[in-house]
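User: I'm new to reading protein models. Could you walk me through one, feature by feature?

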Amino acid sequence: MSEESGGGGVVVYWRPMCPYCMRLLAQLRFTRLEFSKVNIWRDPDAAAFVRSVAEGNETVPTVTVDGRAMVNPSKGELLEAVAAYAPHLLARREGG
């Protein structure tokens, strides 16, 4: 997992002190899913993107799966979207 923005795959938009973000990120550590993280408080473009998909709010976590945005998804909802749209991302961490 890395902290970078944009692109395909899975991107988790988050902010510090957000309990919903921390919960989702902690749950994702126990999966094989590869994802990147973007702190919306450090990236104005990322904050603008989140507002554009969350009815003008900076609701986090917002996650994109292969470019498809999900606002405050559960781990299950996120993994279902990955299985449907980017299943290759689940297989990459087989060895680790």
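User: What covers the buried residues of α2?

Analyst: In this predicted model, the cover over the buried residues of α2 includes the strands β1 (10–14), β2 (36–39) and β3 (62–65). Helices (H or I, at least four residues) and strands (E, at least two) are DSSP runs, numbered from the N terminus. Local features need pLDDT of at least 70, side-chain atom pairs count only at pLDDT 80 or more, and totals for chains, interfaces and linings use all residues. Residues are numbered from 1 along each chain as its sequence is written, and side-chain values use heavy atoms, with hydrogens and water left out.

User: Which residues of α2 are buried, and why are they on the same side?

Analyst: The general idea first: an α-helix has 3.6 residues a turn, so residues three or four places apart point the same way. In α2 (residues 44–53), A46, A47 and V50 are buried, meaning under 20% relative accessible area with a 1.4 Å probe, protein chains only (exposed is over 50%, partly exposed in between). They span an arc of only 100 degrees around the axis, which puts them on the same side of α2; the arc is taken from the directions from the helix axis to the C-beta atoms.

User: Which exposed residues does the face turned away carry?

Analyst: That face of α2 carries P44, D45 and S52.

User: What happens at the start of α2, and what just after α2?

Analyst: At the start, a side-chain oxygen of D43 comes within 3.1 Å of the backbone nitrogen of D45. Just after α2, E55 has a positive phi of about 55 degrees.

How values were computed:
Contact means heavy atoms within 4.5 Å. A polar contact is a pair of N or O atoms within 3.5 Å; within protein, one must be able to donate a hydrogen and the other to accept it, and residues adjacent in sequence count only if both atoms are side-chain atoms.
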